[in-house]
Amino acid sequence: MNPFLLTRALGDCIPRLRPSRIHLASQQQSGGFRLERTKKFNVPTFTFSRKEMDAGILLEKLRAETIDWVILAGFLLKIPDHLTQAYSDKMVNIHPALLPKYGGKGMYGSFVHEAVKAAGDTETDITIHLVNEHYDEGRIIFQASTPLTADDTPDTIAEKVHALEHRYFPEVVASLL
């Protein structure tokens, strides 16, 4: 297996995903500490632009590296159809809330946590799912929840969600690979 990790939080995910199993890692934006943190794991990295992704250059790179799984973590751009088709049932993402209830375009980060709070939910969730051509509509692989209190704010909800993500995402991804 040659999995590819595409994320905004590379350094957070790699240690728990067993770096020796990750063939290539990337992020959409260049610079910053995230790619720097991956160097200690000896995982090759690169960056790309949205234009390059949409033009098929990212897919060419993945094929040249014989990548067979794409693991998304905190990646917010819509994945072009040519990528979802090339990695049908081989591309996984994590969403910071229960799907399908809190999914779709614009439902990410604090927007999700604000919606959970506004709805008065008594728990919040993560959803790990396969990626298809529609935002957050791929087959659900795993969901986990944590209780909320009336005192929780969108920020404390985010903290609880991050704890779930860090606990379960590496395990679920490892089980797929």
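Start by selecting helix α6, residues 109–119, where the buried residues are V112, H113 and V116. Buried here means under 20% relative accessible area, with a 1.4 Å probe and protein chains only, and helices are DSSP runs of H or I of at least four residues, numbered from the N terminus. Now look down the axis of α6: the buried residues fall within an arc of 95°, so they line one face of the helix. That arc is taken from the directions from the helix axis to the C-beta atoms.

A word on what you are viewing: this is a predicted model, in which local features need pLDDT of at least 70 and side-chain atom pairs count only at pLDDT 80 or more, while totals for chains, interfaces and linings use all residues. Residues are numbered from 1 along each chain as its sequence is written, and side-chain values use heavy atoms, leaving out hydrogens and water.

Strands are DSSP runs of E of at least two residues.

Within strand β6, pick D125. D125 is buried but has no salt bridge, and K101, the nearest side chain of opposite charge, is 7.5 Å away. A salt bridge would need a side-chain nitrogen of Lys or Arg within 4 Å of a carboxyl oxygen of Asp or Glu. Show the contacts of D125 (heavy atoms within 4.5 Å): beyond neighbours within four places in sequence, they include H95, L98, S145 and L164.

Finally, visit A55, in the loop between α3 (50–54) and α4 (57–64). A55 counts as exposed (over 50%) because its relative accessibility is 54%.

How values were computed:
Lys and Arg count as positive and Asp and Glu as negative; His and the chain ends are not counted.
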